[in-house]
Amino acid sequence: MDKSLEKGQQVMQLLKDRFPDTAGAIELAAQRPELAQQQPLDYGEAVLVEKVEQAAIADPEIKAAIEDLAATQENPQVAEAVKTVIENWQGINIKGGINTINNPNLNFGSK
């Protein structure tokens, strides 16, 4: 089995064991993607992301499992991206990590 897939399954298993409502919502949203639009307060991407972030904050083992998932990547740039975005895993996008602003050229003025 691919190491990344194995680590992803480990994250989901930890969520199932410790945050079953969150895991259930993720699985249901993956099975029925239309729920994200029909019931965004329950199954929308932002809500699911927030729930996973809260789980990682509350449970160091879940946080470590997500970091282990990132470490399975061979390319350091990909590994860093996985730390902040687990994208399109069973149709779910999980975003988090440290936000960085590059080239902050903000101009506030009238023309």
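Q: How do you know what span to expect of a helix?
A: The expected span is 1.5 Å times one less than the number of residues. Helices (H or I, at least four residues) and strands (E, at least two) are DSSP runs, numbered from the N terminus. H2 has 12 residues, and its first and last C-alpha atoms are 16 Å apart, close to the expected 16 Å. This is a predicted model: local features need pLDDT of at least 70, side-chain atom pairs count only at pLDDT 80 or more, and totals for chains, interfaces and linings use all residues. Residues are numbered from 1 along each chain as its sequence is written, and side-chain values use heavy atoms, with hydrogens and water left out.

Q: What makes up the protein chain in helices and strands?
A: The chain has 7 helices and 2 strands. Along the sequence they follow the pattern α-α-α-α-α-α-α-β-β.

Q: Why is Thr22 called buried?
A: Buried means under 20% relative accessible area, exposed over 50%, and partly exposed in between (1.4 Å probe, protein chains only). Thr22 has a relative accessible area of 9%, so Thr22 is buried. Thr22 lies in helix H2 (residues 20-31). Of the 111 residues of the chain, 29% count as buried.

Q: What does Thr22 touch, not counting residues up to four places away in sequence?
A: Contact means heavy atoms within 4.5 Å. On that basis Thr22 touches Leu15, Lys51 and Val52.

Q: How do you know that the buried residues of H2 are on the same side?
A: The buried residues in H2 are Thr22, Ala23, Ala25, Ile26 and Ala29. They cover an arc of only 160° around the axis, so they sit on the same side of H2. The arc is that of the directions from the helix axis to the C-beta atoms. The face turned away from the buried side carries the exposed residues Asp21 and Gln31.

Q: What describes the packing of H2 and H5?
A: Two packed helices are described by the angle between their axes and the distance between the axes. The axes of H2 and helix H5 (residues 45-58) come within 10 Å and cross at roughly 145°. Axes are lines fitted to C-alpha atoms, for helices over the stretch in contact, and angles run from 0 to 180 degrees between N-to-C directions. Thr22, Ala25, Ile26 and Ala29 in H2 meet Leu48, Lys51 and Val52 in H5.

Q: Why is Lys16 called partly exposed?
A: Its relative accessible area is 36%, so Lys16 counts as partly exposed. Lys16 is found in helix H1 (residues 3-18).

Q: What makes the pair Lys16 and Glu27 a polar contact?
A: A polar contact is a pair of N or O atoms within 3.5 Å; within protein, one must be able to donate a hydrogen and the other to accept it, and residues adjacent in sequence count only if both atoms are side-chain atoms. The side chains of Lys16 and Glu27 make such a contact at 2.9 Å. The two residues are 11 residues apart in sequence and 10.0 Å apart in space, C-alpha to C-alpha.

Q: How do you know that the span of H6 agrees with expectation?
A: The 12 residues of helix H6 (residues 60-71) should span 16 Å at 1.5 Å a residue, and the end C-alpha atoms are 16 Å apart, so the two agree.

Q: Which residues of H6 are buried, and which are exposed on the face turned away?
A: Ile62, Ala65, Ile66, Leu69 and Ala70 are buried. These buried residues fall within an arc of 145°, so they line one face of H6. The face turned away carries the exposed residues Pro60 and Ala71.
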